[in-house]
Amino acid sequence: MNYYIVIPAHNEEAFIALTLESLISQTVLPKKVVVVNDNSTDKTAEIVTAFAKENPFITLVNKTSSAIHLPGSKVIQAFHKGFETLDEDYDVIVKLDADLILPNNYFETILNIFEKDATIGMAGGFAYIEKNGKWILENLTDKDHIRGAFKAYRKACFQQIGNLKPAMGWDTVDELLSKFYGWKVVTDASLIVKHLKPTGANYNKTARYKQGEAFYTLGYGFLITSIASAKLAMMKKKPLLFLDYIKGFWKAKAAKTPLLVTEEQAKFIRKYRLKKMKEKIL
C-alpha cells in the first residue's frame, strides 16, 4: 500500500524538523510528503528544503494567504494546495499537522489496519500533550474520533466524501460522511502521537463563535448543539465557552450560513448523534 502525506505549515520552525524526523524514521516510508508553507515568516521553508535535499520524497509548496489563524478553513485550503500537486498513485492519503512526533511504527500499523478490513475508510492514533514533564492524553474528544492533526483516509473513502471541507468542523464532517456512506472509522490506542502545540493555542477571539457555527453547518440542530457545546466547554474547563458556542450557532442560523452537508446527510447525522448520546446515558 502506498501512502501520501500533506502537511499544512504556518510558522512551524520550532516543531517541523521533529515532525519530518519522525516521518523519515517510519518503518514503512511514505511515497510522497508535501509540506505546504502557508505564508510563514520564519524559517519553516528553509528547514523543509534541507530535509527535501536529503529525502527526495519530501517536497515544498509555497502558498500565500492571510496571517489570521482561524480554525478549519485556512489549514484545509493549504491541504488542497498540496493535494493538487499529487498524482493518483496512492492507496491512503494523510493530512498531518506540522507539530507532531509520531511513533516509528505509526504508518506500518495504520496500513495494516486498512489491509485487514476493506470497509475501514479512516484510521488514526491518539494525541498526547506534555504536562508537568509527563505525556498525557489530550482529552478533547471521544475515543472513537480521529483528531484533525493526523487523519489517514483510504482513497475510495476520501473520494466518496468529496475531499476535505475548508471550514471549521471539517474533521467531524469527514467522519460523519464516512459513516453515512458505510465506511468504518478506526482508532488505535497503541499509537501515541506527541502533539507539541496544544489545540487552539493560536486561535483569536473570532474563533470562539466558530465552534457554534461549525455545529450549525454540520446540521446538528439546536438540541444536539446545546449538548455538544456543554460537553466541549466542560472538557476545556471553560464553562463560559458554552455561551460563545450557542451564540455562534444562532449567528450562523440568522445569516443562513450554508450547511456542509445535504439535508439527507444532516438527517443521518442528527439520528447518529442522538443514538450515540443515548448510548452514553444508558
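**Terms and the values behind them**

Reply: Gladly! Leaving out residues up to four places away in sequence, L96 touches I5, V6, I7, P8, L23, L102, F107, A149 and F150. Please keep in mind that this is a predicted model.

Me: What makes these "touches"?

Reply: A contact needs heavy atoms within 4.5 Å. L96 meets that cut-off with I5, F107 and F150, among others. L96 is also one of the residues with the most contacts inside the largest nonpolar core, together with L20, I93 and F107. That core has 74 residues.

Me: Which residues of β4 point which way?

Reply: V92, V94 and L96 point one way, and I93 and K95 the other way. Residues on both sides are buried. Strand β4 covers residues 92–96, and five of its five residues are buried, so the strand is called mostly covered.

Me: How do you know that β4 pairs with other strands?

Reply: Pairing takes at least two bridges between two strands. Strand β1 (residues 3–9) is joined to β4 by four bridges, and these two run parallel. Between β4 and strand β8 (residues 150–154) there are five bridges, in the antiparallel sense. Both counts reach the cut-off, so both pairs qualify. You can find V92 in each pairing: Y3 stands opposite V92, and R154 is the bridge partner of V92 in β8.

Me: Why is the meeting of K151 and D174 called a salt bridge?

Reply: The cut-off is 4 Å from a Lys or Arg side-chain nitrogen to a carboxyl oxygen of Asp or Glu. For K151 and D174 the N to O value is 3.2 Å, so the pair qualifies. K151 sits in strand β8 and D174 in helix α6, 23 residues apart, and the pair links these distant parts of the chain. K151, D174 and E175 are linked in a network of salt bridges.

Me: Are K151 and D174 buried or exposed?

Reply: Buried means under 20% relative accessible area. K151 is at 0%, so K151 counts as buried. D174 is at 2%, so D174 counts as buried too.

Me: How many salt bridges does the structure hold, and what makes E12 and K197 a pair?

Reply: There are 13 salt bridges. In the one between the side chains of E12 and K197, N to O is 2.9 Å, so it falls within the 4 Å cut-off. E12 lies in the loop between β1 and α1, and K197 in the loop between β9 and α7, so the pair ties together parts that are 185 residues apart in sequence. With 8% relative accessibility, E12 counts as buried.

Me: Why are K184 and D117 called partly exposed?

Reply: K184 has a relative accessible area of 40%, so K184 is partly exposed. D117, at 21%, also counts as partly exposed. Their side chains meet in a salt bridge, at 2.7 Å from N to O. K184 lies in strand β9 and D117 in the loop between α4 and β6, so this pair ties together parts 67 residues apart in sequence.

Definitions and conventions: Residues numbered from 1 in each chain as written. Predicted model: local features only at pLDDT ≥ 70, side-chain atom pairs only at ≥ 80, totals over all residues. Heavy atoms only, no water. Buried < 20%, exposed > 50% of the residue type's maximum accessible area, 1.4 Å probe, protein only. Core = buried A, V, L, I, M, F, W, Y, C linked by side-chain atoms within 4.5 Å.
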